[in-house]
Structures are given as C-alpha cells and as structure tokens.
Amino acid sequence: MSSDPLKLPPPQRETFLNRALDRVRRAWNDVRDGAVAIAAGGDIGADLPAAKLEAVRRQIADCIAGPGGEFAARARAAGLGRLYLSFDDTGRRRFLTLLAERFATDADALTVGVTAWREAGTVEARVKAERLIKDALTPPRLRLLRQFNALPQGVKFLVDLRADLLTLRDMSPQLAALDDDLRELLVSWFDLGFLDLRQITWQSPAALLEKLIAYEAVHEIKSWEDMRNRLESDRRCFALFHPRMPDEPLAFVEVALVKGLAGDVQALLDRDAPTGDPKAADTAIFYSISNTQKGLQGVSFGEHLIKKAAEALAHDMPALKQFATLSPVPGFRRWLDKAAATHAGAIFQPGDAERYRGLASLAHGDVAEDPEIRDFIHRMAGWYFAQRTRRNQPIDPVARFHLRNGARLERLNWPADRSANGWRQSYGLMVNYLYNLNRVETNHESYIRDGTVVVSRPLRELTQRTRTLEP
C-alpha cells in the first residue's frame with residue numbers, strides 16, 4: 001500500500017451539516033402554494049424575538065389544522081421548516097420551546113375523557129371514553145411532525161431537529177416531553193425492517209466516502225489514502241441506510257479479513273502493511289463501528305448492523321470461521337486510577353503498586369510489551385469486567401453493547417492500542433468479543449433475562465477470582 005497519502009483537511013462536520021441544510025432548502029423551494037403565506041426568515045428575525053412568537057404560533061397552528069388540503073399542508077410544513085432553518089441557536093430554542101409548551105397534550109380534554117371513562121356504564125361508553133383519552137394524550141405537535149415525513153429531505157430535517165432538541169431537553173419537562181414524542185416517532189420510522197445494508201467500496205460515490213471520513217468516531221481517517229486502505233481487498237465496510245435518507249449512512253462498520261483473532265489495532269490501520277489475501281482469511285474482525293446521526297440517539301442500529309454484516313460475509317466467504325471485534329475499553333483507565341487510590345488493598349498483589357506507578361508514568365509512545373505489565377493489566381481487567389452497575393449491568397458501555405447483542409467476551413489484548421486516545425481511555429487495552437452466529441440469540445436471551453455474561457474459559461477463570469467492589 002502507498003506510503004505517500006493524499007492530504008485531506010480534518011473533517012468538518014459543520015460543512016456536512018451546512019450542505020445537508022442546503023439540500024433541504026433546495027428541495028423545499030419546490031414545495032410551494034400561492035395561497036399559503038409563510039413569513040420569510042428575514043421577516044421574523046434569526047433570533048425569533050418575543051414580538052414575533054405569536055405570529056409563529058399561528059403558523060404552527062395553521063400547519064396542524066391543515067386547511068386547504070394535503071398539498072397546502074405540505075407547503076405550510078415546508079415553509080415552516082425553511083423558517084426554522086433560518087433561525088440561529090437562540091431562535092431555534094425559542095421555536096422548540098413554543099412547540100413544546102403551546103402544542104402539548106390538552107389537559108382539559110384529558111380530564112373530560114377520564115371523567116367519561118369513570119362514569120361509563122356500558123361497554124360502548126367505555127370504548128368511546130377510551131378513544132377520547134387516546135386522542136387527548138396525542139399532542140397536536142405530533143401532527144405537525146408527521147407532515148415532514150411526506151416532504152423530500154423531511155425525515156433528515158427531523159433527525160437534525162432532534163439533534164438540536166437533545167441539547168435543550170434538560171432545560172424543562174416540556175422540552176423533554178417533546179423530545180420523547182419525536183424519538184418515538186423516529187423509532188417507528190426507523191424500524192429495522194425498513195433499513196438496507198450496503199457494502200461501501202472505493203467505487204462508491206465520493207460524497208458518501210467523504211461522509212464516512214467525517215463520521216468515523218473510533219479510529220480517525222486521516223487522508224483519502226487512509227480511506228482507500230480501509231477499502232482494500234482484505235477489508236470490508238458495510239453501512240445501514242433508510243429509504244427516506246438514501247444518501248445518509250445511519251451507521252457503518254469497518255471489517256478486516258485476517259487469520260486468527262487480531263490483537264493490535266495499529267497493525268490493522270497501518271497503511272504500509274501488505275494487503276492480505278482475503279481467500280486465506282478465516283476471521284472477520286469488526287474494528288470500528290460508528291453511528292452517524294446525533295438526532296437518532298436512542299435508536300439502536302449497531303446490533304442489527306453487526307449481525308447483518310456477519311451474515312453477508314458468511315454468505316460471500318464460506319471460509320470465514322470466526323466473527324469478532326477488536327474493541328476499545330473506554331472506562332478502564334478511569335476505573336483503574338480510581339481503584340488504585342481506593343481499593344489497592346483488595347485488588348493489588350505484591351509489586352502491583354510499583355507496576356501501576358510505572359504504567360501511569362508512561363506516555364502512549366513509550367509503551368512496549370512487558371510480560372509483567374501485561375499480567376498486571378489483565379488481572380486488573382478481570383476486576384474491571386466483574387464490576388456491575390446498580391442495574392446489574394457491566395460498567396463498561398462497549399461491553400454492555402456487545403454482550404446484549406449476544407457476543408462472548410473472548411480475549412484481552414495489551415498493548416493493543418498505542419494511540420494517544422487508546423492510552424488515555426484504557427492504557428492501551430482492547431478486547432475481542434466473539435460473535436458465534438449459532439449462539440448469539442441464546443446468549444442475547446440469557447443476558448436480557450438474567451444478566452448472564454458469557455466469557456471464554458481463560459477469562460472466566462480470571463473474573464471468577466474477583467468480586468464487586470463498593471463504589
């Protein structure tokens with residue numbers, strides 16, 4: 001592989017956001033109706049001043065009431081969306097607060113429905129009262145939000161609107177309720193049955209590859225040559241797409257085709273390493289999984305993505321016998337530093353205090369393989385993975401994700417990530433989670449039912465020598 005990478009500026013996510021907003025504006029400029037008057041952003045003011053709130057409230061009410069038929073309703077929604085895009089951060093906060101407070105559940109209508117249900121003397125009367133309650137519990141703003149589903153780029157607009165809302169939801173119960181409404185709507189629209197799995201290759205559109213560079217959240221893609229390296233013949237990349245957002249990946253996974261379990265992420269990312277023979281590979285290593293849409297937080301895609309990608313690989317490459325990850329351990333260093341200060345007497349063996357001090361004094365570039373340090377790190381990792389949250393879940397978020405998905409905690413690897421980020425979050429520790437396609441559903445059910453964590457035999461022996469520590 002070439003060692004002379006093409007230079008690429010650091011990805012600017014704002015640039016992609018601006019382009020996305022421009023696409024929305026262009027798409028909605030064609031959705032017009034001469035009978036529909038929507039004030040332009042310049043008429044309102046970018047910060048949505050208090051004097052204009054009532055005018056915007058009337059526009060929202062008109063969109064919800066929907067006079068004039070379906071086309072007029074779509075034009076109103078498009079106009080209101082264009083108006084929202086014209087606001088600055090202050091204007092958007094005021095708009096969303098208005099939507100949350102003035103178009104929420106009708107408390108009076110709910111009281112009427114509940115009273116009718118309590119006083120219902122017949123089955124027919126009770127059914128009618130239940131309908132009243134159901135209608136009262138559906139806030140008017142949902143009708144507005146649903147209208148965007150019929151607009152080009154409308155679903156993407158709502159996803160980005162929720163990204164704005166997530167930064168505001170803690171400001172008031174009403175904003176939190178609006179976020180709940182929008183999240184439930186997106187969950188229904190992004191049902192896994194609607195999603196398409198696509199393989200990304202070097203021949204994919206440049207605009208799509210550029211998005212992958214910008215969205216990569218685990219191991220930064222530093223150049224176009226780096227991107228090409230990750231799409232070589234011994235690599236695979238898969239992404240999930242929604243039919244209403246065909247050009248926007250929702251999540252993507254990068255895969256290396258190798259022999260045996262991989263335990264060194266720098267080796268996988270090395271652009272100068274020779275390209276492997278995919279036909280000789282017996283293992284698919286999922287080494288990077290990224291969600292791309294902040295507004296879809298709480299809508300899970302990763303579990304589905306890994307399983308679908310593994311199934312596609314197993315179908316196309318029957319020689320593959322193992323499907324595993326090489327995963328970060330993002331909370332390990334923070335936990336170890338705290339445990340060394342508060343629980344050293346419980347977890348340290350003779351000499352471990354010196355080993356820990358030596359480890360903590362190293363910079364990421366200074367780390368080298370050391371059997372004593374590796375043994376110390378592995379023993380501490382045994383303690384770490386034995387710890388539980390108050391809900392009896394592993395404290396490591398990546399572990400929760402893969403174990404819930406039916407994987408097995410297979411192997412510890414040190415030093416596996418010598419990057420500054422890897423050292424900062426885990427002292428360079430990474431782990432393999434093994435996906436046995438014949439066991440993932442059984443493992444998933446056991447984990448959901450009683451919290452069973454499936455681990456390999458060596459790690460079982462390691463974790464069984466530990467106990468849960470007091471916070």
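A residue counts as buried when its relative accessible area is under 20%, as exposed when it is over 50%, and as partly exposed in between. In this predicted model, Asp-264 has a relative accessibility of 24% and is therefore partly exposed, and Arg-418, at 25%, is partly exposed as well. The side chains of Asp-264 and Arg-418 meet in a salt bridge with an N to O distance of 3.2 Å. Asp-264 lies in the loop between β3 and α13, and Arg-418 in the loop between β7 and α20, so the pair ties together parts that are 154 residues apart in sequence.

The salt bridges counted in the model come to 26, and the table lists some of them.

| Pair | N to O distance |
|---|---|
| Asp-264 and Arg-418 | 3.2 Å |
| Arg-131 and Asp-135 | 3.8 Å |
| Arg-355 and Asp-352 | 2.8 Å |

Arg-131 and Asp-135 both lie in helix α7, four residues apart, or about one turn of the helix; Arg-131 is partly exposed at 46% relative accessibility, and Asp-135 is partly exposed at 43%. In helix α17, Arg-355 and Asp-352 are three residues apart and hence separated by about one helical turn, with Asp-352 buried at a relative accessible area of 0%. Both residues belong to a network of salt bridges that also links Glu-372, Asp-375 and Arg-379.

Helix α7 also packs against helix α6, at an angle of about 160 degrees and with the axes 8 Å apart, and the two helices are therefore roughly antiparallel. Their crossing is left-handed, and by class the contact has ten nonpolar, one polar and two charged residues.

Definitions and conventions. Residues numbered from 1 in each chain as written. Predicted model: local features only at pLDDT ≥ 70, side-chain atom pairs only at ≥ 80, totals over all residues. Heavy atoms only, no water. Axes fitted to C-alpha atoms, helices over the stretch in contact; angles between N-to-C directions. Parallel < 35°, antiparallel > 145°, perpendicular 65-115°, else oblique. Left-handed = near helix turned anticlockwise from the far one by under 90°. Nonpolar A, V, L, I, M, F, W, Y, C, P; charged D, E, K, R; others polar. Salt bridge = Lys/Arg side-chain N within 4 Å of Asp/Glu carboxyl O. Buried < 20%, exposed > 50% of the residue type's maximum accessible area, 1.4 Å probe, protein only.
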